[in-house]
Amino acid sequence: MTRLNISVLGAPEITLDGHVLKFRTRKALALLVFLALEPGRHSREKLQDIFWSDSSSGLNALRGALMYVRDALGDFEPLLIERQALSLGRSSDIWVDVWSLEAVNLAGDLASLEAACALYRGEFLEGLTLTDAPEFSDWLEARRNALRDQYLHVLTRVILLHCEAGSLETAIRCARERVRVDAFNEGAYKILIELLLESENRSGALEVLQACRDRFKRDLNTVPSQELEGLLELQSKSVLSGMLPKPQTRLEDASRFVGREREFQQLEAAWEKGLLIYIAGLPGIGKSRLMREFAASRGGLFIEFSGRPGDAAVPYASYARSIRRMLELFPDVKLEPWVIAELRRIVPMLKANSVVAPASHGLGEEGKIRLHDAIAAFHVAVAPNMMGMMIDDIQYFDAASAEASIHLVSTWERFDNASGAQRFIVNFCTNEMKPELEHGIRMQAKAGMAALIELESLELPAIQTLLESKLDQRNEALGRRLYTFAGGNPLFTLETINALLESGNFQNFSITSNVQQIILDRIARLPASASVVARLAAVAGEQFSTALARTLLSENVVLEGLESLERAGIMDSEHPKETILLGAVLNSIPEGVANVLRQRIANALEQAIVS
Amino acid sequence: MPKPTTHYRQKLDTFELLVALEAPNASEVPEEMLIALGGVGAPKLLQVSEYQYWIRAWAARALYYHWSDLALEPLMRALHDPAWRVRMNAARALGLHAGVSALEALLEALRDPYWRVREAAATGLGRINNLEAVTGLQDAFWDEHEAVQSAIERALSKLERASRGKGVAHRVPKQ
């Protein structure tokens with residue numbers, strides 16, 4: 001039987017019965033791969049938009065590419081070619097490495113996970129670029145990221161299983177691979193360093209740390225976090241100093257609590273009742289600041305840790321980090337042997353004073369509950385050492401840690417105001433939280449079992465007060481312009497005011513690099529269609545409309561993109577919520593791309609007038 | 001399995017909480033109420049047969065926040081629940097709200113086999129400004145568990161502060 005193998009995890013290699021196929025153009029190859037990975041029928045118009053958006057003879061070009069694909073495949077005809085549409089169905093005589101990697105069961109055995117890892121020879125369609133097909137490039141980028149994430153998930157699971165089996169050397173080899181593929185993720189370096197320390201290879205761990213420093217310096221112009229730097233010093237140095245909350249500084253900066261007095265009172269009331277406290281709002285709205293200031297006002301030790309966008313790739317990354325942090329602070333915490341055995345699954349460095357039996361279950365449902373029980377027991381054990389915990393950006397918790405948090409909330413048992421109670425203040429971004437989790441939190445809050453404090457944008461009077469506190473004088477007109485520009489977001493507003501003060505130019509508002517990054521990160525976490533629509537809206541400005549977007553983009557992209565942007569609070573129907581948001585997008589678009597977009601927008605508007 | 005509901009009562013109902021407090025399992029409790037009591041993970045947790053006691057533990061926890069005098073008797077019965085978490089949460093709710101009405105029950109809980117319950121009972125007794133509470137705490141002073149000892153010490157200190165001038169003194173008893 002004829003068999004078509006499509007290997008695209010790495011440089012593309014397509015074989016028919018073992019013979020490598022040659023394609024006359026890169027687009028022909030890309031077209032075949034696209035059809036293999038995107039199931040269903042694709043209209044010729046849509047394919048034209050994706051591959052030949054800048055060409056007036058796209059349909060002919062598509063016909064040509066299709067001919068090249070059929071030439072390469074010879075007598076084997078897997079494509080279903082219709083007058084209006086094309087498709088490639090899954091069948092037993094076609095094998096695609098991506099299908100296998102995507103289908104792998106993370107709870108499967110080690111052999112199947114290692115086999116899936118072996119498929120990943122490099123990034124998806126390595127070396128392939130189609131500079132004249134921006135939509136395809138966006139798709140390629142999104143697929144590359146998703147497949148790399150999937151590979152990293154599987155690889156991390158392989159590392160954990162090797163750790164559990166005591167194969168430290170193999171775990172280290174896999175952890176090195178993880179660092180190679182995910183070189184800007186501190187979590188990857190941390191795992192490798194911990195494993196090297198576990199195998200008593202301190203010099204190796206130092207080398208990895210140095211490599212991380214060099215890489216971050218060279219490519220990101222930044223340095224690793226103190227947490228990573230501190231990994232090698234844990235045993236010899238207490239990190240408790242400096243962890244105590246800063247003295248109360250509420251009056252230091254008059255701008256700090258403008259417009260947030262009511263929320264501070266809500267926090268105080270919830271604290272007195274001993275409730276779980278959640279603070280919710282959009283990025284930059286002031287959640288973290290409010291949480292820290294409130295904690296500082298309590299005058300006891302609070303431990304803070306955060307979810308990070310990179311956590312998603314590593315199961316239990318968020319909790320592993322939190323537990324390591326608390327073990328640094330409270331190395332003498334007494335844990336029962338079963339708790340240690342379970343926690344070592346995610347914190348291999350956890351040392352036992354006595355021999356500890358390995359965890360009794362795999363990570364099936366039962367094993368997960370046992371591990372989550374251990375995480376809860378760990379929190380109970382450390383609770384007497386602190387006044388409370390602050391958890392920042394819980395929406396970035398990896399899925400496994402999120403599940404453990406849910407369990408922790410369910411089994412929360414040190415809730416009263418006695419000494420040794422577990423007190424949590426948790427904040428999350430409303431637009432990025434999983435809806436079912438947010439729903440659960442809202443229900444608990446409605447039932448009076450938790451307090452949910454929602455931060456809204458500041459109103460104009462608060463912005464005026466904020467501006468006055470910075471300028472030492474009232475300037476109503478500037479305040480109004482500022483309010484339109486930054487939309488009541490305290491962080492964006494403060495950054496803009498600081499930029500105004502630095503430049504001395506009060507006529508033009510500029511978007512600082514910090515704000516720009518926050519906004520772009522926010523959009524980057526949405527589906528790729530959101531970024532496409534945001535770019536179009538940013539370039540089109542006031543001429544942007546859903547109708548215009550539909551002319552230039554596919555219906556699905558417009559619908560999904562606009563919906564995502566609305567949900568994320570970036571667009572309001574067809575209009576940007578605040579000038580600053582799409583301003584940041586516009587700043588990020590390369591001039592060449594912006595010019596192409598302008599041209600296409602102009603053509604579309606012209607056509608609309610003619611018709 | 002819990003009963004599904006299509007609506008959610010915003011306010012927790014005392015009667016429903018009391019039913020939940022004595023429920024052998026979660027089958028009679030609407031799923032939305034389970035989530036309100038135990039978080040979004042509650043229904044999943046209750047699929048495990050040995051975790052059925054959580055529904056009673058959550059009901060006791062909810063009564064800590066939403067007290068009703070109607071809960072006094074059921075919570076005192078809950079101090080004899082087979083699950084220590086239920087007994088612990090019942091002791092906490094009684095200790096915070098019931099005052100001298102729960103004195104005897106809490107003194108008894110001070111001799112519970114599990115230390116977390118004794119710790120909760122000690123904390124609760126620390127809120128009852130009464131000579132019997134002081135005597136009971138002093139009798140239990142040399143508890144085998146360090147955390148219970150600390151809770152008793154805190155409770156006695158608190159009572160001493162509260163009753164200064166009323167003749168109730170905090171004395172460390174001889175071992």
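A residue counts as buried when its relative accessible area is under 20%, as exposed when that area is over 50%, and as partly exposed in between (1.4 Å probe, protein chains only). This is a predicted model, where local features need pLDDT of at least 70 and side-chain atom pairs count only at pLDDT 80 or more, while totals for chains, interfaces and linings use all residues. Residues are numbered from 1 along each chain as its sequence is written, and side-chain values use heavy atoms, leaving out hydrogens and water.

Start with helix α4 of chain B, residues 54-65. 12 of the 12 residues of α4(B) are buried, so the rest of the structure largely encloses this helix. Among them are B:Trp54, B:Arg56, B:Trp58 and B:Arg61.

Most residues other than glycine have a negative phi. A:Leu125 isn't a glycine, yet its phi is positive, about 50°; A:Leu125 is buried, with a relative accessible area of 0%. A:Asp472 also has a positive phi, about 65°, without being a glycine, but A:Asp472 is exposed at 68%.

Finally, look where the chains meet. Counting heavy atoms within 4.5 Å as contact, chain A brings 32 residues and chain B 34. The buried area, meaning the accessible area (1.4 Å probe) that two parts lose on being put together, summed over both, is about 2800 Å², with 55% from carbon and sulfur atoms. On the chain A side, A:Glu413, A:Phe415 and A:Met449 lose the most, together 23% of what that side buries. There are also six salt bridges between the chains, each a side-chain nitrogen of Lys or Arg within 4 Å of a carboxyl oxygen of Asp or Glu. One of them joins B:Arg92 to A:Asp416, with the closest N and O atoms 3.2 Å apart.

Notes. Chains lettered and ligands numbered in written order. Helix = DSSP H or I, 4+ residues; strand = E, 2+ residues; numbered from the N terminus. Expected span 1.5 Å × (residues − 1).
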